[in-house]
Amino acid sequence: MDHFQLKNGEIYAEDVPLTRIAQEVASPVYIYSRATLERHARVFRDGLSKLDNPHLAFAIKANPNLAVLKIMANEGYGADVVSGGEMERALAAGMPPEDIIFSGVGKTQEEMRQGLRHNIGQFNIESEPEGEELASVAHAMGQQASATLRINPDVDAQTHAKISTGKAENKFGVAIDEAPAIFDRLASLDGMNLRGVAVHIGSQLGKLEPLETAFEKIGALIAQLRGNGHIITHVDLGGGLGVPHKEGEAYPSPMDYGDMIARVTKDWGVRLMFEPGRVIPANAGVLLTRVIRVKPAKINPFVIVDAAMNDLARPSLYDAFHDFAAVRPNGHKMMANIAGPVCETGDTFAMGREIDTVEAGDLAIFRTAGAYGATMASTYNSRPLVPEVMVDGDKYAIVANRIEPETILAAEQVPDWLD
Ligand SMILES: *Cc1c(COP(=O)(O)O)cnc(C)c1O
């Protein structure tokens with residue numbers, strides 16, 4: 001359930017007609033619903049209610065907008081961050097440092113120091129050399145880094161190849177069969193408080209089975225590590241729950257996910273940690289766009305919209321489907337391709353799709369755009385950086401300004417030897 005619904009013949013975000021935002025802010029623009037974000041944050045938490053005090057860390061790469069993070073902080077979520085920049089955002093949103101987890105294969109020593117200076121809660125180490133560097137950086141600062149070792153369980157998450165992270169050939173984590181030896185070595189280092197393991201096998205998962213298989217392997221590994229004399233107190237089960245992109249698509253609910261986890265982990269005796277991303281903001285956001293013109297073509301006409309792949313990259317990156325709906329549907333349907341103005345064939349949102357009939361000047365939305373949307377935006381083709389709006393009941397606020405090409409141009413300079 002989301003709060004982008006038709007009322008009196010046009011789509012509203014909560015109680016704000018989208019036509020109003022188009023008039024006042026212009027398009028393209030991302031629009032988030034506070035009520036939907038809060039609802040999804042609570043539904044996810046409720047799904048885990050059978051667990052004892054799970055730690056919830058929002059994977060902020062899914063939507064790092066400060067206002068979104070503020071809502072997540074108010075809902076009691078910490079953050080899973082993958083860069084120093086994301087760490088500063090989480091702190092700026094008021095998330096307590098101890099609720100921040102730092103993931104990613106390429107943490108630099110400077111980023112490690114930054115995390116240690118802020119006393120963040122946990123580093124998820126992705127390799128033996130990274131663990132050695134973290135221990136020596138922490139030791140030099142007179143600190144102990146709380147950490148888990150990220151395990152690559154070699155499980156096929158059955159999702160798009162570019163968002164699959166738990167197969168042996170992926171860059172993430174250490175191979176599960178090598179994990180005990182690496183754990184022994186890292187746990188013995190000064191500066192290191194290695195207290196558990198982490199796993200995250202991929203994103204937009206449509207089935208629970210791959211997760212369950214991965215978690216069972218983690219359970220066996222925990223027993224083995226304990227057998228080797230290690231004290232395991234924290235296990236981070238990552239994120240990855242998928243979301244429906246079309247009416248009627250079935251995805252595992254947070255309740256089913258939580259039940260599976262309660263069953264698989266019942267004897268683990270650890271604090272479980274979670275890094276949900278997409279499942280919270282994806283359907284709490286839409287990208288509002290205006291049709292520039294309809295270009296006739298041999299097979300289907302191209303509906304050319306003012307949003308493009310630089311604003312919403314997922315269709316060009318992952319062949320992702322985003323439902324397209326007219327803001328004021330007239331009841332008719334047409335077969336069309338939907339494309340943006342960028343000079344790339346990949347700047348195509350849909351080919352040969354039945355959509356609401358639209359014509360030049362009409363407003364429309366791409367749904368399910370609240371995750372991995374604005375955060376991936378660029379200024380390719382010297383287009384403005386897309387703005388973001390948060391709706392709350394009958395009011396809204398701009399929560400990220402449109403950054404105009406002039407501002408970006410002003411950050412460039414021509415060296416005098418080119419004059
Ligand atoms: C991206 C990511 C997540 C979140 O994934 P979603 O599919 O958006 O839930 C969680 N943990 C790690 C380590 C990630 O890289």
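Which residue in E20 is the bridge partner of Ile 31? I started my notebook with that one, and I looked it up in a predicted model. The partner turns out to be Val 389.

**Entry 1: around E4**

Having landed on E4, I stayed there for a while. The strand covers residues 29-33, and five of its five residues are buried. I checked which way the side chains go. Val 29, Ile 31 and Ser 33 point one way from the strand, while Tyr 30 and Tyr 32 point the other way. Both sets are buried, so I noted E4 as mostly covered.

Next I went through the neighbours of E4. With E20, residues 388-392, the pairing is parallel and has four bridges. With E14, residues 285-295, there are also four bridges, but here the strands run antiparallel. For the E14 side I wrote down one partner: Val 29 bridges to Leu 288.

The peptide bond from Ser 27 to Pro 28 is cis, and its omega is near -5 degrees. Pro 28 belongs to the loop that links H1 (18-25) to E4.

**Entry 2**

Between E1 and E2 (residues 10-13) I found four bridges, running antiparallel. Lys 7 sits opposite Glu 10 of E2.

**Entry 3: H8 and its two helix contacts**

How do H8 and H9 pack, and at what angle? H8 spans residues 209-227 and H9 spans residues 254-264; the angle is about 25 degrees, and the axes are 10 Å apart. The cut-off for roughly parallel is under 35 degrees, so I logged H8 and H9 as roughly parallel to each other. The crossing of H8 past H9 is right-handed.

I listed the residues that meet. From H8 they are Leu 211, Glu 212, Phe 215 and Glu 216; from H9 they are Tyr 257, Met 260, Ile 261, Arg 263 and Val 264. By class, this contact of H8 with H9 has six nonpolar and three charged residues, with no polar ones.

The other contact I checked was H7 (residues 179-187) against H8. Their axes are 10 Å apart too, at an angle of about 45 degrees. That angle makes H7 oblique to H8. The crossing of H7 and H8 is right-handed. H7 brings Ala 179, Pro 180 and Phe 183, and H8 brings Leu 221, Gln 224 and Leu 225. The tally for this contact of H7 with H8 is five nonpolar, one polar and no charged.

**Entry 4: two positive phi values**

I picked out two residues other than glycine with positive phi. Asn 53 has phi near 55 degrees, and Thr 368 has phi of about 55 degrees. Is Thr 368 buried or exposed? Its relative accessibility is 4%, so Thr 368 counts as buried. Thr 368 is in the loop between E19 (363-366) and E20, which took me back to the strand that pairs with E4. Asn 53 lies in the loop between H2 (34-47) and E5 (55-59). At 49% relative accessibility, Asn 53 counts as partly exposed; the exposed class needs over 50%.

**Entry 5: two single residues**

Where does His 234 sit? I found it in E12, residues 234-236. With a relative accessible area of 15%, His 234 is buried. Leaving out residues up to four places away in sequence, His 234 touches Gln 122, Thr 148, Arg 195, Gly 196, Val 197, Val 270, Arg 271 and Met 273.

Last, I looked at Thr 108, in the loop between E7 (100-102) and H5 (109-117). Thr 108 has a relative accessible area of 39%, so I put it down as partly exposed. I also noted a separation: the C-alpha atoms of Thr 108 and Ala 73 are 26 Å apart, and the two residues are 35 residues apart along the chain.

Definitions and conventions:
Residues numbered from 1 in each chain as written. Predicted model: local features only at pLDDT ≥ 70, side-chain atom pairs only at ≥ 80, totals over all residues. Heavy atoms only, no water. Axes fitted to C-alpha atoms, helices over the stretch in contact; angles between N-to-C directions. Parallel < 35°, antiparallel > 145°, perpendicular 65-115°, else oblique. Left-handed = near helix turned anticlockwise from the far one by under 90°. Contact = heavy atoms within 4.5 Å. Nonpolar A, V, L, I, M, F, W, Y, C, P; charged D, E, K, R; others polar. Buried < 20%, exposed > 50% of the residue type's maximum accessible area, 1.4 Å probe, protein only. Pairing = 2+ DSSP bridges.
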